[in-house]
Amino acid sequence: MSVTDGEGTASQDGRIYDLQIYPRLSLETASCCTLQVSKDATAAAVIQDAAGALGLDGSSLRYALAEVKECGGEEWVLEANDLPVQRVLLWPRRAQDSHPQSEGFYFLLQERNHDGSIRYVHLPALRRERENRRLQARGFLPPRQEEFDDLCNLPDLTEANILANLRARFQKQKIYTYAGSILIAINPFKFLPIYNPKYVKMYENHQLGKLEPHIFAIADVAYYAMLRKRINQCIVISGESGSGKTQSTNFLIHCLTALSQKGFASGVERTILGAGPVLEAFGNAKTAHNNNSSRFGKFIQVNYLEGGAVRGAVVEKYLLEKSRLVSREKNERNYHVFYYLLVGASEEEREEFKLLQPEDYLYLKQQNFKIEDEEDLRHDFERLQQAMEMVGFLPPLRSRFSLRRDGTRGWTWGPPEVLATLSDLLKVKEELLVEALTKRKTVTVNDKLILPYSHSEVGANSQTATFAPQYHSGYLCSEIPQV
Ligand SMILES: Nc1ncnc2c1ncn2[C@@H]1O[C@H](COP(=O)(O)OP(=O)(O)OP(=O)(O)O)[C@@H](O)[C@H]1O
């Protein structure tokens, strides 16, 4: 079976993708169907074919297609003219091959009510939990004392008790615990089905602490406090590397946009989603603790209209780890984007941008350099290009950097052909480039001084050691989309 856009036009590149579709219906059906779909097939066409494959009758308007991604089954309901394959192209490579449902990355076929809203079948355990709480509050069930969902209620507040309480909850897959209005999250490193729209709905407009602790409760309180009090709200996320800050940020944005758009993916949400891979490529790197560690801080501002609908978002980066550009710890890597480009570029791109192999670049080959994931890098380069198009980049802007340093001439910039290549790629005159590379600007109270870099400022390496971080940082800063 091949799904097209309803008018029978074939995909431009002719490629066919497998979509794994799991029905979640009140009727008994096959547990999954796999459809072969072209890039330009719309959600409506996919629904029609999935319904056919599962032996369901009725029009496609009776069903909705939702995208489920990694880590806990966030569900995004697609609109009729959305393109499911476009979503798939943003998934990691392994997720595009056939894989078990427990690993996430699939589509759900759900029923709609007469008013178009989604009919949720199979009530989640959380609702039972809520019922139990109600009964406990009315004295029909004895209060549960073996663990506390708010650390402030611990009868004996010691470090050992806090850790024992967090451990007991974590063993029951309760990764969230309150400490008053602060939410503590413990990284489960596995898929937990607690982030789909049912949970957004369940936590909607509830006082903090009324339900089981959850990151959506924090998003919900911030959203409704903003609407009620008409003042900005701020959520701070902190933790050590690999603790789950980026993941938590994604869940928060998911909930904040879902609350304002009633669960439907909008253009804004799509752009925010698309911005993720772009930011990751330029600002994330493999470290000892996390294969995809963000090496910069992010300030994300989600802007709303007065009625509560999302209007856009601004992402500001700060404190990019610039030193990573020129040196890093053993077995760690430079920013993802260099490897994506050097491994994933086509022959024409290699020619055009005068690209060498990763091991030819001193900045990339330091410290036990080896690349064992070439295929993943190639896929991630494709994903980056797709994401860049989604957030509005033009093709020629994609690959402008190819820095190579010459360590043999102190801090003299060269060799000349590299300067010419850089000048050509950066579209900056050679003289200006040399000026930027060899001089710095110092602003004092009364004066603005332009001085050549001293030997000690440049250090033992070549001048690009100073220039590369500035350039990469500037690139990340200027190219971060303001949605
Ligand atoms: N709530 C969660 N559910 C499932 N997996 C999670 C969750 N939070 C984090 N993870 C897993 O932990 C990994 C590391 O998390 P994440 O990248 O968010 O950490 P981080 O704190 O942002 O790290 P860094 O500071 O190094 O950027 C994720 O790739 C994901 O696999």
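Predicted model: local features only at pLDDT ≥ 70, side-chain atom pairs only at ≥ 80, totals over all residues.
Figure 1. The chain is built with 18 helices and 15 strands. When contacts are limited to residues at least 6 apart in sequence, 64% of them join residues that are at least 24 apart.

Figure 2. An unreviewed UniProt entry lists Gly239, Glu240, Ser241, Gly242, Ser243, Gly244, Lys245 and Thr246 under "binding site". Of these listed positions, Gly239 lies in the loop between helix H8 (215-229) and H9, and Ser243 also lies in the loop between H8 and H9. Gly239 is partly exposed because 13 other C-beta atoms lie within 10 Å, while Ser243 is partly exposed because it has 16 such atoms within 10 Å. Leaving aside neighbours within four places in sequence, Gly239 is in contact with Gly244 and Lys245.

**Figure 3. The hairpin of strands S12 and S13.** Strand S12 (residues 297-304) and strand S13 run antiparallel and are joined by eight bridges, and in one of the pairings Val302 of S12 has Ala313 of S13 as its bridge partner. Five residues lie between the two strands of the hairpin, where Gly308 takes a positive phi near 105°.

Figure 4. Not counting residues up to four places away in sequence, Arg311 touches Asn303, Tyr304 and Leu305. Thr257 is 54 residues from Arg311 along the chain, and the C-alpha atoms of the two are separated by 9.7 Å.

**Figure 5. Helix H14 and the glycine that follows.** Helix H14 (residues 374-390) has 17 residues and should span 24 Å at 1.5 Å a residue, which agrees with the 24 Å between its end C-alpha atoms. The buried residues in H14 are Leu377, Asp380, Phe381, Arg383, Leu384, Ala387 and Met388. After H14 comes Gly392, with a positive phi near 100°.

**Figure 6. Two loop residues with positive phi.** Most residues other than glycine have a negative phi. Gln173, although not a glycine, has a positive phi of about 60°, and it is found in the loop between helix H6 (159-171) and strand S8 (176-179). Phe189 is likewise a residue other than glycine with a positive phi, in this case near 50°, and its place is in the loop between strand S9 (182-185) and helix H7 (197-203). Gln173 is exposed because it has 11 other C-beta atoms within 10 Å, and Phe189 counts as exposed because it has 8 C-beta neighbours inside 10 Å.

Notes
Residues numbered from 1 in each chain as written. Helix = DSSP H or I, 4+ residues; strand = E, 2+ residues; numbered from the N terminus. Buried ≥ 20, exposed ≤ 12 C-beta atoms within 10 Å, placed from the backbone. Contact = placed C-beta atoms within 7 Å. Pairing = 2+ DSSP bridges. Expected span 1.5 Å × (residues − 1). UniProt positions renumbered as here; feature names shortened; annotations may be inferred.
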